[in-house]
Amino acid sequence: MAMSTMRGRRAADRVSLTSREGRKGPGRRGLFLLQLSAVMAVLLIWAVITAAGFVSSTALPGPLSVFGRFPGLLGSDAYWQAVGDTLGGALTGFLLAVVFGVPLGLVTGTYAVAEQSSRLLVDVLRSFPVIALLPVFLLVLGSTPAMKSTVVFLACVFPLFLQAQYGARSVPPMIAETVHGYRVPRLLRFRRVVLPSATPSIMTGLRLAGTTSVLVAIGVEVLTTLPGIGHEVVQAQQGGASASAYAYILTAGAIGYAINLLSQFAEMRLLRWRRLRHTD
C-alpha cells in the first residue's frame, strides 16, 4: 500500500515537472532558432517569388540584389547622413513628447477632476491623423527639420500621455485609501506610490512611441523634400535603383528593431524590482 502510494506520488511529480517545462517554452536558444527559421523562411519565399517572375525585378528585386547593396551603402557618407537626419528628427520629437506627455499624464491620472476635464479635449486631438495635417505644418513651419520634429512630437505625445495616465490611475484602491488616511504628503505619495505604479505603463508607452517616432519621421521625409531615409527611398525609386530603395527600407526596419531591443533592456533593468517581488 505504501509502495503504491509512493509510486503514485512520483508519477504525479513527473507529470507536474513535465507540465512546468511545457509552460516554460522552448528556452532562449530554442526561441532564437525558431525566430531564425521564420526569417529564413521569409527570405526563401521572397527569393522564390522573384525567381519565378511573379513580380517584376523593378518592383521587387531579389534578396541577393538588396543585400548586395549594403556593402556599398555602408561605406558611403550619404547613407550615414540619411540615417543621422532621420534619427535626429525622430529623437527630437520623441524627447519633446516625453517631456510634455509623461508629466501631464501622471498629473491628470492622479487627480480625477483633471482627467475628467481634459478627456474631451484629448479624445478630439488624438483623433486627428498627423500625416493628414502635414500640409498645414508645411504652410506654417515650411519644409524644415523643426517641422519634422513637430509632426513626430504630435504622433508620440498622446500614446505617452495616455499610458502615463493609465498607470497613475492603476494604484490599488486599498493603497490609495491608506495613503489618504495617513495624510501622506503629495510629493512623497507621488514618489513612493504613483510613480512605481505607473512605471510599467510608461515603459510600454516609451517603447511604442520610440518605434512610432522613426516611422513618422520617415513618412514625413517621403512626402516632403527633407533629407533622411525616406527621401533616399524616393530618390532611389525615381532613379530606377529599386534594390537601394529596399536596402533603405530594411535599414528602417533594423532601426525599429534596435529601438525595441533597447526599450526591452531598459524595461528589464528599471523594473527588476517588480520581477523580484513576483518571484518571492
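Colleague: R119 and E115 sit 4 residues apart, about one turn of the helix, and both belong to helix α6. How far apart are the closest N and O atoms of R119 and E115?

Modeller: This is a predicted model, so every distance here is computed from predicted coordinates. For a salt bridge, a side-chain nitrogen of Lys or Arg has to come within 4 Å of a carboxyl oxygen of Asp or Glu. The closest N and O atoms of R119 and E115 are 2.9 Å apart, and the two residues form a salt bridge.

Colleague: Is E115 buried or exposed?

Modeller: The reading goes by relative accessible area, and under 20% means buried. E115 has 8%, so E115 is buried. R119 has 42%, which lies between the 20% and 50% limits, so R119 counts as partly exposed.

Colleague: How many salt bridges does the structure hold?

Modeller: There are 4 in the structure. One of them is between the side chains of K148 and E221, at 2.8 Å from N to O. Here too distant parts of the chain are linked: K148 is in helix α8 and E221 in helix α10 (residues 186-223), 73 residues apart. Both K148 and E221 are buried.

Colleague: Now the helix pairs. At what angle do the axes of helix α6 and helix α8 cross?

Modeller: Read the angle together with the distance between the axes. Helix α6 covers residues 112-125 and helix α8 covers residues 145-169; their axes come within 12 Å and cross at roughly 150°. An angle over 145 degrees counts as roughly antiparallel, so α6 is roughly antiparallel to α8. The crossing is left-handed. On the α6 side the contact is made by E115, V122 and L125, and on the α8 side by F158, F161, L162, Q165 and R169. By class, that contact has 5 nonpolar, 1 polar and 2 charged residues.

Colleague: How does the packing of helix α5 and helix α12 read, and what is the angle?

Modeller: The steps are as before. Helix α5 (residues 77-110) packs against helix α12 (residues 242-270) at about 45°, and the axes are 12 Å apart. That angle makes α5 oblique to α12. The α5 and α12 crossing is right-handed. From α5, Y79, A82, V83 and L87 meet Y248, T251 and I255 from α12. Sorted by class, the contact of α5 with α12 has 6 nonpolar residues, 1 polar residue and no charged ones.

Colleague: Last, a single residue. Where is S149 found, and which residues is S149 in contact with beyond its neighbours within four places in sequence?

Modeller: For one residue, place the element, then check accessibility and contacts. S149 is in helix α8. At 9% relative accessibility, S149 falls under the 20% limit and therefore counts as buried. Once the neighbours within four places in sequence are left aside, S149 is in contact with G89, T92 and G93.

Technical notes:
Residues are numbered from 1 along each chain as its sequence is written. This is a predicted model: local features need pLDDT of at least 70, side-chain atom pairs count only at pLDDT 80 or more; totals for chains, interfaces and linings use all residues. Side-chain values use heavy atoms; hydrogens and water are left out. Axes are lines fitted to C-alpha atoms, for helices over the stretch in contact, and angles run from 0 to 180 degrees between N-to-C directions. Helices (H or I, at least four residues) and strands (E, at least two) are DSSP runs, numbered from the N terminus. Angles under 35 degrees count as roughly parallel, over 145 as roughly antiparallel, 65 to 115 as roughly perpendicular and the rest as oblique. A crossing is left-handed if the near helix is turned anticlockwise from the far one by less than a right angle, and right-handed if clockwise. Contact means heavy atoms within 4.5 Å. Ala, Val, Leu, Ile, Met, Phe, Trp, Tyr, Cys and Pro count as nonpolar, Asp, Glu, Lys and Arg as charged, and the others, Gly among them, as polar. Buried means under 20% relative accessible area, exposed over 50%, partly exposed in between (1.4 Å probe, protein chains only).
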